[in-house]
Amino acid sequence: MQKHQLRKFFLDNQVSNELGSRIMSYLKKNHFTQKKRMHMGDLDVLKLLPASLMKGLHMELYLPFLTRTPILHHLSSLNELAMSELTNIATRDVSYLTGEYIFIDGKEAKSMYFLVAGCAWYDHEERE
């Protein structure tokens, strides 16, 4: 469906065949062939849920991953409400393409990542 819409976009906007082919090749290699997990944001119908059901969904989706870290595991045993708020407010799904950087060495970290599917390579150089 997206490929068809993209071709129509190219025709409607008079994008050159050469550029259109390059864009299609890139997307075939880096997007269309990669399997991406479905995220909550992919389903507009979930936006219709009341807050209580959305919180429950967030807890079931994210708590198993958050509690893999010792500090959040400990927090979950002490304060379930705090974990509910954490899963509801501070979590989101993100997908990355093969070869795409999740974070860059030397840049300040602004997020914590939990790998749910696939694999990632971490390469870090020691600084003096």
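This is a predicted model: local features need pLDDT of at least 70, side-chain atom pairs count only at pLDDT 80 or more; totals for chains, interfaces and linings use all residues.
Colleague: Hi! Shall we start with the helices? At what angle do α3 and α5 pack?

Modeller: Happy to. Helices α3 and α5 pack at about 95°, and their axes are 8 Å apart. Angles from 65 to 115 degrees count as roughly perpendicular, so that is the word for α3 and α5.

Colleague: Nice. Which residues make that contact?

Modeller: From α3 you have Met54, Lys55, His58, Met59, Tyr62, Leu63 and Leu66. Helix α5 brings Glu80, Met83, Ser84, Glu85, Leu86, Thr87 and Asn88. By type, the contact of α3 with α5 holds seven nonpolar, four polar and three charged residues.

Colleague: And α4 with α5, how do their axes cross?

Modeller: Helix α4 covers residues 70–78, and its axis comes within 6 Å of the α5 axis, crossing at roughly 125°. That angle makes α4 oblique to α5.

Colleague: Who meets whom there, between α4 and α5?

Modeller: On the α4 side are Leu72, Leu75, Ser76 and Leu78, and they meet Glu80, Ala82, Met83 and Leu86 of α5. The contact of α4 with α5 divides into six nonpolar residues, one polar and one charged.

Colleague: Let's move to the core. Which residues form the largest nonpolar one?

Modeller: There are seven: Met40, Leu46, Met54, Tyr62, Leu66, Leu72 and Met83. Helix α3, residues 51–66, gives the most to this core, with three residues.

Colleague: I'm curious about Met40. What is in contact with Met40 beyond its neighbours within four places in sequence?

Modeller: Leu46, Met54, Leu57, His58, Leu61, Tyr62 and Asp93. Of these, Leu46, Met54 and Tyr62 are also listed in the largest nonpolar core along with Met40.

Colleague: Change of topic: aromatics. How many aromatic pairs are there?

Modeller: The count comes to four. In one of them, the rings of Tyr96 and Tyr113 have centres 6.3 Å apart and planes at 65°.

Colleague: Why is that pair called edge-to-face?

Modeller: Planes over 60 degrees apart count as edge-to-face, so the 65° between Tyr96 and Tyr113 puts the pair in that class. Both Tyr96 and Tyr113 lie in the segment after α5 (80–89), so the pair ties together parts that are 17 residues apart in sequence.

Colleague: Are those two tyrosines buried, exposed or partly exposed, and what else is in their cluster?

Modeller: Tyr96 is partly exposed at 31% relative accessibility, and Tyr113 is partly exposed at 38%. Ring pairs link Tyr96 and Tyr113 with Phe103 and Tyr122 into a cluster.

Colleague: What about Gly99, where does that sit?

Modeller: Gly99 is in the segment after α5 and counts as exposed, with 68% relative accessibility.

Colleague: Is Gln14 buried or exposed?

Modeller: Exposed, with a relative accessible area of 73%.

Conventions. Residues are numbered from 1 along each chain as its sequence is written. Side-chain values use heavy atoms; hydrogens and water are left out. Buried means under 20% relative accessible area, exposed over 50%, partly exposed in between (1.4 Å probe, protein chains only). Rings of Phe, Tyr and Trp (its six-membered ring) pair if their centres lie within 6.5 Å; planes under 30 degrees apart count as stacked, over 60 as edge-to-face and the rest as tilted. Helices (H or I, at least four residues) and strands (E, at least two) are DSSP runs, numbered from the N terminus. Axes are lines fitted to C-alpha atoms, for helices over the stretch in contact, and angles run from 0 to 180 degrees between N-to-C directions. Angles under 35 degrees count as roughly parallel, over 145 as roughly antiparallel, 65 to 115 as roughly perpendicular and the rest as oblique. Contact means heavy atoms within 4.5 Å. Ala, Val, Leu, Ile, Met, Phe, Trp, Tyr, Cys and Pro count as nonpolar, Asp, Glu, Lys and Arg as charged, and the others, Gly among them, as polar. A nonpolar core is a set of buried Ala, Val, Leu, Ile, Met, Phe, Trp, Tyr and Cys residues joined through side-chain atoms within 4.5 Å.
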